[in-house]
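Hi everyone, thanks for coming.

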Amino acid sequence: MILAALIMNTQGKPRITKFYDHVSVERQQEILRVVYSVLSSRSGNLCSFVEADDIFGPDTKLVYKHFATLYFVFVIDSAESELGILDLIQVFVETLDRCFKNVCELDIVYNFGKVHTILDEIVMGGQVVETSSAEVMKAVQDIWKLERVGELNPANIRGIGHYKNSRS
Amino acid sequence: MESWANVIMKKAFKHGSQNTIDQLKTIGRELSMGTQGNWLSSKEYLDLVKAIGEAKSKAEEERIVMAEIEHLKKRIMEPDVPRKKMKEYIIRLVYVEMLGHDASFGYIYAVKMTHDDNLLCKRSGYLATTLFLNEDHDLIILIVNTIQKDLKSDNYLVVCAALTAVCKLINEETIPAVLPQVVDLLGHPKEQVRKKAVMALHRFQQRSPSSMSHLLTKFRQILCDKDPSVMSAALCALFDLVSADVKGFKNLTASFVSILKQVAEHRLPKAYDYHRTPAPFIQIKLLKILALLGAGDKHASENMYSVLVDVIKKNEPGKGDPGSNITNAILYECICTITAIMANSKLLGLAAEITSRFLKSDSHNYKYMGIDALGRVIEINPDFAEEHQLSVIDCLEDQDDTLKRKTLDLLYKMTKSSNVEVIVDRMISYMRTLSDAHNKTEIATRIIELTERFAPSNQWFIQTMNQVFELAGDLVPVKVAHDLMRLLSKGAGEDDEEADSLLRSSAVESYLQLLAEPKLPSILLQVACWVLGEYGTADGTHNADDIIGKLCDVAEAHPGDNVVKGYAITAITKICSFEIGAGREVQLIPECRSFVDDLLASHSTDLQQRAYELQVFLGLGADLVRKVLPVNGSGEEIEFDRELPFLQEFVDSALANGARPYLDENERLGVDSGMSSFVSSSRSHHEPSHGLRFEAYETPTLAVSSGSAAVPSSLLPDFEESVTEPTRSVRNQTDSSQVDLLGPEVARLRLDGVQRKWGRTSGSSQPSPAPTPVSEQQRRGSGVSEGASSNNESSPAAEPRHDTYSSSFEGKKVQRVIPAEKQRLAASLFGGSSVQKGSSGGVNGGVKASNAAGNVRPSEKGVPSRPVAGSGKEKNWSAAEPKQASSSLMDLVDMSGDDLLPVHDSKASYDPFKGLEGLLGVPSTAASSTPAGLGKSTMDFMSLYDSAPVVSQSASSLAGDSDVLPLGHRRSGGMDGANGVEGGLMDLNMLPSVSPLAGLGELAQSSSSSSPSTGVSDKKGPSRQHSLQKDAASRQVGVTPTGANPALFQDLFG
């Protein structure tokens, strides 16, 4: 199973974090710190796997890829294939690239929600659901189309213009 | 808009200001983003991100984020927030939380947003809740209703959103609320929905298998879904199900094989291709499932042969082509499957071929997979490793830490007695480079395991252990230190006194050298102190004062470490007593004097007692001291008979007098339910009894109940006290300390009657399903028993595979020009035995440097030059030695357990002491804690009452782990009871008015309760019970009576 999917930049700033089992906010930060310190200490052309049993428990690995200013990191257990996940990261990045046309760090920061949508189409509940970047694109486009329709079509809004918040 | 941005940029370019261009580029980018998706285009959000990105310091970032939180808090609570605005706030909250700040104040708004009808808002709401909440959060209950509604929506995107949320947000309790709807969705016309519904069900299955048990057949049905993507989703779930219950899914083997065949033959639509490989992720999942199904099942395996060959053929790249990442992923998975199932030789050959290709690859990723695959392959065919020795060494010397660790894992798996030195040496030098505790502990554990299993010589064992202690320090379990001490005291297990004393002297030398170093871990100091105390003066090269001086230095350098101090003072005591025993005058050197004075006033009663004992020893005669602390007493064997036949007479007479026969605990509980209330109270024997225990004689009738390790607290010590003669007082002290030395885990394991192995079995960590001769041997090889005092026919430690490696290196030498250093390393790792010539044999044989090529660095200790054909005895040796060392000590421990209890229990219905006294014919020193004796001396009361906590403490010390100070550890079974002095000595101090002899006699009874503490608590009034317990805990049970030394009785009864 995939335990977490993380995107962070080369300064260690998290860009997308998704944990498939609940992890407290403090622990998340600690994990990000440790993962970053491990990754940043590794030079290029080393292997893309790091055993992570001290971070995530026995039999877990980080599988990561370094693109420009970003690290894409998947944390997996022994039920996933390391090389397979490496290609999954490729699929993820390809999809991002198709969505944002030459994706860069900024795109991911500003379109945080979209990136989550894409990731949700690829990985669900820690399992890989879709591995074809074309399929993911199709699904994501559908969602966005509909969202925009909802945005523009007053019929869909049905007069719920505002939240009524009562101060407690 | 983009074009507009470009125009500005071009203009700026004309002006030539690089800065402006950069700025404009950013703006352009932002603007174009704004047109692309109207998601997060708010200026405020962009500003926030930018500000954080430009923050110069962590503090500045913190400040910005805190301000943002304050801002959001205010805004989000405003009465009429437009929906779009609200969505943006929530996204900002998510961002803030990702940066590590608490955003819990906004969770409720995220939950609210999921109720929205607008898809964009709903999805944002779901996204935020899945990121914010865990499935047990209080707010979940508010969301279940929405999810239920959304799962029924006729908009499939809404359904998908809800399914995604379900995966994260539903817990065991709420599964039933959504389960029927999710199951219904399996029939949804959209395959996307079906796929996600399967995933959701899989998640439920993980969360709560019980609530899913009636749905297992569903997963099988989904496998037949007409859409391959849904089928592949089902594979994820089935993989988990199969690994939980292989048998239940055997009948699906053929289906999986046929699916794999179809996929590999490219029957799926082109859309499933990835880089022209047909549905690789499906293939990988299937291969994983097949590995589970075929493990240990010949029939199932045979069904897979042809499809595996097919898959490999299809994915095998052409000559010289490294192949794409994904085909290699499939090939690697094939190796895993082949090595897991009962494969035929053709498949194994293919697996070996692919492994070679991986190992020879330039890519680190493939090398990593290659090393992993090699580890799998050699479990089946150990010869295969040899072909790749150079690749393995390359990986070992690679700068890539992951690769290095993986390679060490591999080496660990293939360690045998011929290459253990090289491998352990490598591991130690790797350990030097580590800084984190986790990895260090792991590798230290492995080194210790290998060293214990394969050590070619004791000397090497000791040196390696010292290195491990030095590097890993307190990460090493105490037991390891105890094992080391035991090894030294027992020697090689062969009656070669000379070799043993050589070993000891060399240990003394090495520790004297080590102590010169400034900072040593506590555990190493403990061992060093023990060794110096025991053998420091044994060979006569060092004089007592020097050693004592060293020991004082150690104690001084570690003022906070009571355990080390305890070891030091005990060692000093031993050295002094050897001197006295040898008839020499002992004059404590001044620094030692002050050290002892310090301890006399120590807060730790244990240290205090040790210091007092030393004082007493100094005043005793040579004969007595010789008996109390004989030279080299720790190595002596203590024999005992667990049946305690010498008590039979006593038991018989007790039965004749109307005592109830012994029943074991289960029977008792069945027979007398009225007793149960007492049983429960006696179980919680840790709970101190209140005040003085006047009811000591009531308990025996009831004490029958506790047959567990919970020794009826008052019974046992009292019983002993009455047994003991004046000069032969209890020797529990020694025994218990010896027991403690062994390490409590050992004791407990033995009590369970479980044969313990040395460490966990390594090579077969993933037990090879095929009981081929090799794996059989391998398993046996690793199964050197540790606590196997009784098991004498345990297998040789030397890996039987050893021979298969021999004399195979020669042929390889000429392949290429390889650095000599590497060659030698290879030789010592893989075929070391073949190139060694000559044999020195004998215990110390391994220590002599051999001039063979198997030597990595000639300056270092040689590789063991054992004959290749290693006689059984020689191979056996390393296994037999630690075992023997442990045996007698092991057995001693047994005594402290239940075995003694029956005897006690059987005479429980009447006064046990009376009976014993009669039996012994010893005048009852009225002090034997009878009510009549109460008036005699307070001491006896104390001993009585004291015994409860002490005994319980001892029980716990056996159970838990404790760094116990082995006081008087030298004492051993064969000797007579002069040891009682140890117990009584303190009392001499406490009651100076009593004449020494009388004191000894009378106080022998209280010996079990370490007297100083008795004295202390005596003064403290009612709370002493409490304080005493604390004391007992704090001094780590230095002297605890286990009351279980049969030799004592043997002596008494002749």
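Predicted model: local features only at pLDDT ≥ 70, side-chain atom pairs only at ≥ 80, totals over all residues.

Okay, the interface. On one side, 82 residues of chain A are in contact with 93 residues of chain B. The area buried between chain A and chain B is about 7600 Å², and carbon and sulfur atoms give 54% of that.

What about salt bridges there? The rule finds 8 of them across the interface of chain A and chain B. One is Asp21(A) with Arg203(B), where the closest N and O atoms are 2.9 Å apart. Helix α3 of chain A, residues 82–100, gives the largest share of the side that touches chain B, with 11 residues. By class, that side of chain A has 33 nonpolar, 23 polar and 26 charged residues.

Now, over all chains, the count comes to 37 salt bridges. Take Glu82(A) and Lys61(A), with their closest N and O atoms 2.6 Å apart. Glu82(A) sits in helix α3 and Lys61(A) in strand β4 of chain A, so this pair ties together parts that are 21 residues apart in sequence. And are they buried or exposed? Glu82(A) is buried, at 5% relative accessible area, and Lys61(A) is buried too, at 14%.

Over in chain B, Asp483(B) and Arg486(B) form a salt bridge at 2.3 Å, N to O. They're 3 residues apart in helix α27, about one helical turn, and both are buried. Also in chain B, salt bridges with shared partners join Glu44(B), Glu68(B), Lys85(B), Glu88(B) and Arg92(B) into one network.

Definitions and conventions: Residues numbered from 1 in each chain as written. Chains lettered and ligands numbered in written order. Heavy atoms only, no water. Contact = heavy atoms within 4.5 Å. Buried area = accessible area lost by both parts, 1.4 Å probe. Salt bridge = Lys/Arg side-chain N within 4 Å of Asp/Glu carboxyl O. Helix = DSSP H or I, 4+ residues; strand = E, 2+ residues; numbered from the N terminus. Nonpolar A, V, L, I, M, F, W, Y, C, P; charged D, E, K, R; others polar. Buried < 20%, exposed > 50% of the residue type's maximum accessible area, 1.4 Å probe, protein only.
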